[in-house]
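Dear colleague,

Please find the structure we discussed below.

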Amino acid sequence: MKIKRILILPLAAAALAAEAARSIWDGVYSAEQAARGKKIYKAECADCHGDALEGIDKAPALTGPIFSQNWTGKSVFRLIDVTRRTMPPDNPGMYPRPLCTDVAAYLLSENGYPVGKTDLAPDAPDLRQLVLAAKK
């Protein structure tokens with residue numbers, strides 16, 4: 001039995017390390033999740049941030065150079081958390097984390113980050129390591 005454990009532990013550790021090393025460029029959200037996020041965005045966010053995510057008045061743009069300037073180097077966790085804690089401005093914190101995660105997936109899609117095969121989980125252990133980076 002010791003031999004099996006000795007062989008299994010390094011394999012499990014390697015699998016965990018591979019999961020932890022996931023990059024924003026690996027496709028961390030699904031197309032279906034981005035579509036859900038788009039519907040939520042249109043219903044809940046577009047009045048302030050614009051139909052095309054261009055920003056209106058004090059609400060910043062959520063795509064393009066302004067989004068890149070504000071979010072490059074910051075984690076997906078932070079994007080979701082800031083959205084959850086500060087939106088909407090007249091009732092901050094009313095949106096649950098899964099809803100904010102779907103909106104974040106939509107923002108990622110609109111900012112050129114690649115789509116993957118699975119949803120971005122709102123409680124994924126590596127959200128803090130998934131860092132938004134300048135386009136390749």
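**Contacts, fold and cysteines**

Of the contacts (heavy atoms within 4.5 Å) in the protein chain between residues at least 6 apart in sequence, 66% join residues at least 24 apart. Please note that this is a predicted model, in which local features need pLDDT of at least 70 and side-chain atom pairs count only at pLDDT 80 or more, while totals for chains, interfaces and linings use all residues. Residues are numbered from 1 along each chain as its sequence is written, and side-chain values use heavy atoms, with hydrogens and water left out.

The protein chain contains six helices and zero strands, where helices (H or I, at least four residues) and strands (E, at least two) are DSSP runs numbered from the N terminus. Read from the N terminus, the order of elements is α-α-α-α-α-α.

As to burial, 36% of the 136 residues in the protein chain are buried, that is, under 20% relative accessible area (1.4 Å probe, protein chains only). The protein chain exposes about 8,300 Å², with carbon and sulfur atoms supplying 60% of it; this area comes from the Shrake-Rupley method with a 1.4 Å probe.

With a disulfide taken as a pair of cysteine sulfur atoms within 2.5 Å, the count is zero. Cys45 is in no disulfide, its nearest cysteine sulfur being that of Cys100, 8.2 Å away. Seen from Cys100, the closest cysteine sulfur is in Cys45, and this distance of 8.2 Å is too far for a bond. Both residues are buried: Cys45 has a relative accessible area of 17%, and Cys100 has one of 1%.

With kind regards

How values were computed. Buried means under 20% relative accessible area, exposed over 50%, partly exposed in between (1.4 Å probe, protein chains only).
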